[in-house]
Amino acid sequence: MSYPATFDVETPDQMDNWRPLVQWILAIPHAIVLYGLGILGSGIAVVSWFAIVFTGELPEGLAKAQAMVIRYEMRTASYVGFLYTDYPPFDFTISSSDPGGSPVAVDFVPELTNRNRVTVGFRLILLIPIAIFAAVILIAAEVVWFVAIFVVLFTGKWNSGMREFVVKALRLGIKVNAYAMMLTDEYPPFSLED
């Protein structure tokens, strides 16, 4: 059974050598929007926490809005990290399934009913071990990303092993985000494998 949050990105075989140097600058408008969406996502997580603890259910509208925030974050991060070259859309489609229109696909299957109130109540404490694991993996992915800047500068393409590690690290990040933002009660795996 797969985790209820998935991430995939279609990286082109060849890309312009200059992309790693300037693509992050092109993403500044998305970073500004993402700042506001991050505040919205935090608010949604707090409201979701109270809703689940008191009713045992996650309202569908909150789940879809949270999915949109996480999806936007992943599209922006993937673009900044030059995993793909198409400019990301300013897409605010509130949906748990990816509406398409981008090389980045982020899908969620949020748990709406029969939620475990105890694990949600203690979510911040339960999150600590996986958050530490994910932080270590994501720091390693940032180092690989930095090296990839030079690989793409000189070869015009990602090294397949480096790209695969970064994508797996982002997949882990999606799973941890889905758990932290109350979209699922399924604990993220301590693994980079699906």
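At 17% relative accessibility, Asp98 counts as buried (buried means under 20% relative accessible area, exposed over 50% and partly exposed in between, with a 1.4 Å probe and protein chains only). The model is predicted, so local features need pLDDT of at least 70 and side-chain atom pairs count only at pLDDT 80 or more, whereas totals for chains, interfaces and linings use all residues. Residues are numbered from 1 along each chain as its sequence is written, and side-chain values use heavy atoms, with hydrogens and water left out.

**Salt bridges**

- The whole structure contains 9 salt bridges, each defined as a side-chain nitrogen of Lys or Arg within 4 Å of a carboxyl oxygen of Asp or Glu.
- Asp98 pairs with Arg71 in one of these salt bridges, at 3.6 Å from N to O. Arg71 lies in helix H3 (residues 60-80) and Asp98 in the loop between H3 and strand S2 (104-108), so the pair ties together parts that are 27 residues apart in sequence. Helices (H or I, at least four residues) and strands (E, at least two) are DSSP runs, numbered from the N terminus.
- Arg71 is buried, with a relative accessible area of 3%.
- A network of salt bridges links Arg71, Arg75, Asp91 and Asp98.
- Arg171 and Asp8 form a salt bridge in which the closest N and O atoms are 3.1 Å apart. Because Arg171 belongs to helix H6 (residues 160-180) and Asp8 to strand S1 (residues 5-9), this pair ties together parts that are 163 residues apart in sequence.
- Arg171 is buried at 18% relative accessibility, while Asp8 is partly exposed at 39%.
- Arg115 and Asp185 meet through their side chains in a salt bridge (2.8 Å, N to O). Arg115 is in the loop between S2 and helix H4 (117-121) and Asp185 in the segment after H6, so parts 70 residues apart in sequence are tied together.
- Arg115 is buried at 5% relative accessibility, and Asp185 is buried at 17%.

**Cavity**

- A search of the whole structure finds 1 cavity of 30 Å³ or more. On a 1 Å grid over the protein atoms alone, a cavity is a set of points where a 1.4 Å probe fits but cannot get out, and lining residues have an atom within 4 Å of a point.
- The largest cavity holds about 40 Å³ of space, the volume being that filled by probe spheres set on grid points joined across faces, edges and corners.
- Its lining consists of Met68, Arg71, Tyr72, Arg75, Asp91, Thr93 and Pro99.
- The lining residues divide into 3 nonpolar, 1 polar and 3 charged.

**Nonpolar surface patch**

- A nonpolar surface patch of about 1,100 Å² includes Trp18, Trp24, Ile25, Val80 and Phe92. Patches are made of residues with over 30% relative accessible area and no salt bridge, nonpolar side chains being joined within 5 Å and like charges within 9 Å.
- Helix H1 (19-26) and helix H2 (28-55) are the elements that give two or more residues to the patch; the largest share, 5 residues, comes from H1.
- Ile25 is found in helix H1 and counts as partly exposed at 41% relative accessibility.

**Backbone geometry**

- Most residues other than glycine have a negative phi.
- Phe82, although not a glycine, has a positive phi of about 45 degrees. Phe82 lies in the loop between H3 and S2 and is buried, with a relative accessible area of 3%.
- Met182, also not a glycine, has a positive phi of about 70 degrees. Met182 is placed in the segment after H6 and is buried, with a relative accessible area of 6%.

Terms used
1 Å grid on protein atoms, 1.4 Å probe; cavity = no way out; pocket = protein on both sides within 12 Å on 5 of 7 lines; lining within 4 Å. Nonpolar A, V, L, I, M, F, W, Y, C, P; charged D, E, K, R; others polar. Areas by Shrake-Rupley, 256 points an atom, 1.4 Å probe, with all protein chains shown as cover.
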